[in-house]
Amino acid sequence: MTRKQSNGPRILRGAVALLVAVFVWLPGIASASDFLVTDQQGYQAALERAEPGDRIVLANGVWEDFEIVFEATGTADAPIYLMAETPGDVVLTGQSNLRIGGEP
């Protein structure tokens, strides 16, 4: 009579490996932040605090005479994003412009 082998240890090893993978991967995700900005001073403050993976989000509305200088250093895997709160609902008017810079 053969003894049936339990799958318990194999399942436990798989669960431990999965937990380790999550804890190694999670810090990169957990550190990403969204900065919703409502004025030019808020934008500048968010840009100064932004780290790889973060998103700077311009609040819906009309932004007049906004000279956006977007100079940030992200990574290939975690760029820093500049985006509208709702596509089509952020309007730049007047003497607004956008300059983009950063490090490769």
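Tutor: A nonpolar core is a set of buried Ala, Val, Leu, Ile, Met, Phe, Trp, Tyr and Cys residues joined through side-chain atoms within 4.5 Å, where buried means under 20% relative accessible area, exposed over 50%, and partly exposed in between (1.4 Å probe, protein chains only). This is a predicted model, in which local features need pLDDT of at least 70, side-chain atom pairs count only at pLDDT 80 or more, and totals for chains, interfaces and linings use all residues. Residues are numbered from 1 along each chain as its sequence is written, and side-chain values use heavy atoms, with hydrogens and water left out.

Student: Which residues touch the most other members of the largest nonpolar core?

Tutor: In soluble globular proteins, nonpolar side chains tend to be buried together. Here the largest nonpolar core has 15 residues, of which Val37, Tyr43, Ile56 and Leu58 touch the most other members. At least two residues of this core come from each of strand 1 (34–37), helix 2 (40–49), strand 2 (55–58) and strand 4 (67–72); helices (H or I, at least four residues) and strands (E, at least two) are DSSP runs, numbered from the N terminus.

Student: Is Asp77 buried or exposed?

Tutor: Asp77 counts as exposed because its relative accessibility is 78%, and this residue sits in the loop between strand 4 and strand 5 (81–84).
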